[in-house]
Amino acid sequence: MIDQLKRIACAIVIVCHALPANARDLVGQALIGQVSVVDGDTLDIHDVRIRLWGVDAPESTQTCRGRDRRPYRCGQQAALALYTTTRGKTVRCTPVDGDRYGRIVARCAAQGIDLGQMLVSRGLAVEEPQYSHGAYAADQLAARRAGRGIWAGRFVEPALYRACMHAGGRVAECADGAPGWR
């Protein structure tokens, strides 16, 4: 754990020194491999792990139920949308905070497209109002009313899914049988 924190700190120092003196943002170009998508709400820029601020996307293994009640890989769908939106573009992340896993929490945009807002407005992530303070509330409401993404069917909140999995649950039971259905 200590070695991992040292690597992260070194990467942050290297990235910050590569930027202009007045800049604090992390910037990378997906076109040349400086940006990679980890999952629906996490990116790596220059090997620095960044968690998108204010949103929570379904986990990569998580399934949801669509309008037809059939399960689909909603976490994979969120990651694919994030990849598609960042592919070939310059991504700029402005750090807001850190999290308990040592990741930078940041507001990120791909050539002007707010990535958190994109995910929430498409119904591919839920807003975390305790952190976002309602920044994406209107986008989530519109996605919910239009039945976009996860709002088209039923899903378990990503945090509840993670808790179920950490408690030893299986994907199917955590996605379908866990409390917290929406």
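Select cysteine 64 and cysteine 74 to begin: their link is right-handed, with 70° about the S-S bond. The two lie ten residues apart, cysteine 64 in strand S6 (residues 64-65) and cysteine 74 in helix H2 (residues 74-86); helices (H or I, at least four residues) and strands (E, at least two) are DSSP runs, numbered from the N terminus. The model is predicted, so local features need pLDDT of at least 70, side-chain atom pairs count only at pLDDT 80 or more, and totals for chains, interfaces and linings use all residues. Residues are numbered from 1 along each chain as its sequence is written, and side-chain values use heavy atoms, with hydrogens and water left out.

The structure holds three disulfides, a disulfide being a pair of cysteine sulfur atoms within 2.5 Å.

Next, select cysteine 93 and cysteine 108, whose sulfur atoms are 2.1 Å apart. Cysteine 93 is in strand S8 and cysteine 108 in strand S9 (residues 104-110). The torsion about their S-S bond is about 115°, so this disulfide is right-handed.

Move on to cysteine 164 and cysteine 174, also joined by a disulfide. Here the torsion is about -80°, so the link is left-handed. Cysteine 164 lies in helix H6 and cysteine 174 in helix H7 (residues 171-176).

Finally, display Arg51, Arg103, Glu128, Tyr131 and Arg162, the closest to the centre of the largest pocket among its 32 lining residues. A pocket is an open set of points on a 1 Å grid over the protein atoms alone, where a 1.4 Å probe fits, with protein on both sides within 12 Å along at least five of seven lines; lining residues have an atom within 4 Å of a point. Helix H6 gives the most to this lining, with four residues.
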